[in-house]
Amino acid sequence: MKAVILAGGLGTRISEESHLKPKPMIEIGEYPILWHIMKIYSHHGIHDFIICVGYRSYVIKEYFANYVLHRSDVTFDLETNQITYHHATVEPWRVTIVETGDKTMTGGRLKRVAPYLDPGEPFCMTYGDGVADINISDLIEFHKSESREATLTAVAPQGRFGATIIEGGEVKKFIEKPAGDNGLINGGFFVLEPSVINRIAGDDMPWESAPLMGLAADGQLSAYHHTGFWQPMDTLREKIYLENLWISGRAPWRIWD
């Protein structure tokens with residue numbers, strides 16, 4: 001199975017770093033968040049990736065072009081212009097990087113990579129800016145058991161602020177960043193049938209508008225409930241939060257070790 005990752009947006013809400021690189025290339029620890037997402041899929045046996053790029057796409061291309069070089073001992077034979085890699089410690093990934101335009105919306109990006117998908121075969125798709133300790137294998141099996149065109153992962157986002165329980169002016173209990181209002185949202189990590197691409201009109205169509213709404217209206221959208229860790233990286237605050245988890249060795253999404 002292939003995994004499509006949307007990695008072409010501007011990331012304006014984290015412009016402190018995205019003015020220099022695509023948002024998915026912002027690092028958590030020493031690795032881009034894109035790498036973290038790929039490691040989650042790879043842990044569940046998905047090694048074939050299609051990366052939808054746009055804004056500063058060359059940064060992503062150069063990263064993977066040099067990936068083996070940066071993770072290996074290497075011999076450069078300058079006379080013959082040959083490079084020999086030794087003891088490469090790399091994942092068994094196949095990465096297809098597709099130029100999907102700087103201003104293309106999420107649906108349009110998905111439509112543009114249709115030629116790279118396997119006809120008649122379901123595929124995974126997610127955003128290039130969020131991590132979770134999601135069981136991708138269970139998600140795929142759930143999608144197959146539901147027999148619908150699309151499955152999204154429904155999550156309950158964490159509250160931003162601590163909550164207090166007060167009685168008569170006295171704080172009885174303090175809860176640090178509890179779950180939100182119990183409302184479930186689209187957390188990405190989709191499993192899709194190729195037929196969903198027929199619902200996308202063109203570059204200007206967001207995946208989250210007419211395509212998803214139409215699937216829901218037609219009874220073709222399932223929801224896989226993920227109750228574990230899930231965190232997007234929309235702001236610098238969230239980037240720092242994820243990085244602190246990674247550095248501390250307590251990153252819940254690090255399921256591959």
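The model is predicted, so to speak of local features a pLDDT of at least 70 is needed, side-chain atom pairs count only at pLDDT 80 or more, and totals for chains, interfaces and linings use all residues. Residues are numbered from 1 along each chain as its sequence is written, and side-chain values use heavy atoms, with hydrogens and water left out.

Let us start with the whole chain. Its secondary structure amounts to eight helices and 16 strands, taken as DSSP runs numbered from the N terminus (helices are H or I with at least four residues, strands are E with at least two). Of its 257 residues, 44% are buried, where buried means under 20% relative accessible area, exposed over 50% and partly exposed in between, with a 1.4 Å probe and protein chains only. Contacts (heavy atoms within 4.5 Å) between residues at least 6 apart in sequence join residues at least 24 apart in 71% of cases.

Now to the largest pocket, with a volume of about 750 Å³. Among its 32 lining residues, Gly9, Lys23, Thr106, Tyr127 and Asp129 are the closest to its centre. Two or more lining residues come from each of strand E1 (2-7), helix H5 (106-112), strand E8 (123-127), strand E13 (185-186) and strand E16 (230-232). A pocket here is an open set of points on a 1 Å grid over the protein atoms alone, where a 1.4 Å probe fits, with protein on both sides within 12 Å along at least five of seven lines; lining residues have an atom within 4 Å of a point. The volume is the space filled by probe spheres set on the points, which are joined across faces, edges and corners.

Next, find Asn135 in the loop between strand E9 (130-132) and helix H6 (136-146). Asn135 counts as partly exposed because its relative accessibility is 29%. Beyond its neighbours within four places in sequence, Asn135 is in contact with His44 and Tyr224. A polar atom of the Asn135 side chain lies 2.9 Å from the backbone nitrogen of Asp138.

Helix H6 also holds His143. With a relative accessibility of 2%, His143 counts as buried. Leaving out residues up to four places away in sequence, His143 touches Pro122, Arg148, Glu149, Ala150, Thr151, Val191, Leu192 and Glu193. Tyr224 comes up again here: its C-alpha atom is 8.0 Å from that of His143, though the two residues are 81 apart along the chain.

Methods:
A polar contact is a pair of N or O atoms within 3.5 Å; within protein, one must be able to donate a hydrogen and the other to accept it, and residues adjacent in sequence count only if both atoms are side-chain atoms.
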